[in-house]
Protein chains: 2
Amino acid sequence: MARTVGSDGEKTRSAIRDAATGLFARHGYDAVSIRQIAAEVGVQAAALYRYFATKEDLLFDLMQSHMDALIDSWEQQRPNDDPTARLAAFVGNHIRFHIERRHSTHVNNMELRSLSHDRLSTILRLRGAYEKELRQILRDGAETGAFVIEDVTLTAMAIIQMITGVIVWFRPDERLSVTQVTETYHQMTMRLVGAQEWESQHV
Amino acid sequence: MARTVGSDGEKTRSAIRDAATGLFARHGYDAVSIRQIAAEVGVQAAALYRYFATKEDLLFDLMQSHMDALIDSWEQQRPNDDPTARLAAFVGNHIRFHIERRHSTHVNNMELRSLSHDRLSTILRLRGAYEKELRQILRDGAETGAFVIEDVTLTAMAIIQMITGVIVWFRPDERLSVTQVTETYHQMTMRLVGAQEWESQHV
């Protein structure tokens, strides 16, 4: 049987990414050196440079993977359904995704400032594509009369900030489970967008 | 006329605080040295230590002042009125306060991780006192039947994340004024809490 080429390499790469995510989240990108990341992984800095030529390459890789995974998870969950059901699915997927990736979410929210211009554009394009999905749901709902929306862009930002904010305070072992938190945020979101069909069932 | 004691000192202290806020917001606390802050102010590092004995003293001073100013601004705005009017005032004050202090808000949101235990407790106590005001408004509204609230704590966090999030994307010279943004967030908040009286006037 042929040796699986690069399997150790993949393990090391993954360990580097995990260590960097934790260190960047705790101390900020600027304050963390390649040497520190290598020490946490248990390799020499020279070995780390074989995987990522610069610290910014590593940061960009983390941020791009985070956005790719977020968009993938939404594409797998997205129902082919009315705006109310799609919005519920969007909120549920967003909260679950970010609660499972607390450190990575902090890095993605804070370190846009640390990317060079072209890479910043790439990440902002991915963000834009993801947020456009939410704006489309809101627009569809406003058009069919399912939702009451003053401003699609502001409403999309408000919902994203509100549901991403869960990771700031939520610890899964406290008084509420992920499911309970998601359900409450679902109810708040439905009221926020004035979801008519949903209200007739719940009020 | 007696010389105003300490007026130059106050100017320097204020310049140090402004420079540190900007540098911490852009690079993260861990990555910024006292020497860099001093260079931005145009003084020697030794002079800066006369105002703040350690870098953490400076960070704590910034975070504590931010929270004190936020609580003060709310106490000055707080109407002696029904929950719906108080919630509208809370949202308006919170958005205006944070839009005017973008860098300081970033530092306050990100650098809790950089405080020692006792100082973290002090800042969290101030945050708690501020958030308690919002929880009280929500509780009052739920009790009088003015609001529909599933969970006071979650709703308070959702509202604070949503309205603090304005600073992430809002630039006052774009298509919307601060007043327009505040008005739209006001409407979204009222729907989010199921404000009955407000809905009967607006739907």
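These legends accompany close-up views of a predicted model.

Local features need pLDDT of at least 70, side-chain atom pairs count only at pLDDT 80 or more, and totals for chains, interfaces and linings use all residues. Residues are numbered from 1 along each chain as its sequence is written, chains are lettered from A and ligands numbered from 1 in the order in which they are written, and side-chain values use heavy atoms, with hydrogens and water left out.

**View 1. The fold of chain A.** Chain A has 11 helices and 0 strands. Helices (H or I, at least four residues) and strands (E, at least two) are DSSP runs, numbered from the N terminus. The pattern along the sequence is α-α-α-α-α-α-α-α-α-α-α. Along the principal axes, the C-alpha atoms of chain A fill a box of roughly 60 × 45 × 40 Å.

View 2. An unreviewed UniProt entry places "domain: HTH tetR-type" at residues 10-70 of chain A. Residues 10-70 of chain A are 80% helix and 0% strand. The end C-alpha atoms of that segment are 21 Å apart. UniProt also lists "DNA-binding region" (unreviewed entry) at residues 33-52 of chain A. Residues 33-52 of chain A are 75% helix and 0% strand, with end C-alpha atoms 13 Å apart. UniProt positions follow the numbering used here, feature names are shortened, and annotations may be inferred rather than shown by experiment.

View 3. Chain A is divided into domain 1 (1-53) and domain 2 (55-202); the bounds come from an automatic or database domain assignment. The contact (heavy atoms within 4.5 Å) takes 16 residues from domain 1 of chain A and 14 residues from domain 2 of chain A. The C-alpha centres of the two domains lie 29 Å apart. The domains bury about 1400 Å² between them, 69% of it on carbon and sulfur atoms. Buried area is the accessible area (1.4 Å probe) that two parts lose on being put together, summed over both.

View 4. The rule finds 1 salt bridge across the interface of domain 1 and domain 2 of chain A. A salt bridge is a side-chain nitrogen of Lys or Arg within 4 Å of a carboxyl oxygen of Asp or Glu. Arg17(A) forms a salt bridge with Asp61(A), the closest N and O atoms being 2.6 Å apart. On the side of domain 1 of chain A that touches domain 2 of chain A, α1 (7-27) and α2 (34-41) each supply at least two residues. The largest share of that side, 8 residues, comes from α1(A). By class, that side has 10 nonpolar, 3 polar and 3 charged residues. Ala, Val, Leu, Ile, Met, Phe, Trp, Tyr, Cys and Pro count as nonpolar, Asp, Glu, Lys and Arg as charged, and the others, Gly among them, as polar.

**View 5. The interface of chain A and chain B.** Here 33 residues of chain A are in contact with 33 residues of chain B. The buried area is about 3000 Å², of which carbon and sulfur atoms give 58%. Glu150(A), Leu154(A) and Arg191(A) supply 22% of the area that chain A buries against chain B, more than any other three residues. There are 2 salt bridges between chain A and chain B. Arg191(B) forms a salt bridge with Glu150(A), the closest N and O atoms being 2.8 Å apart. α1, α8 (152-164), α9 (166-169) and α10 (178-192) of chain A each supply at least two residues of the side that touches chain B. That side of chain A divides into 17 nonpolar, 9 polar and 7 charged residues.
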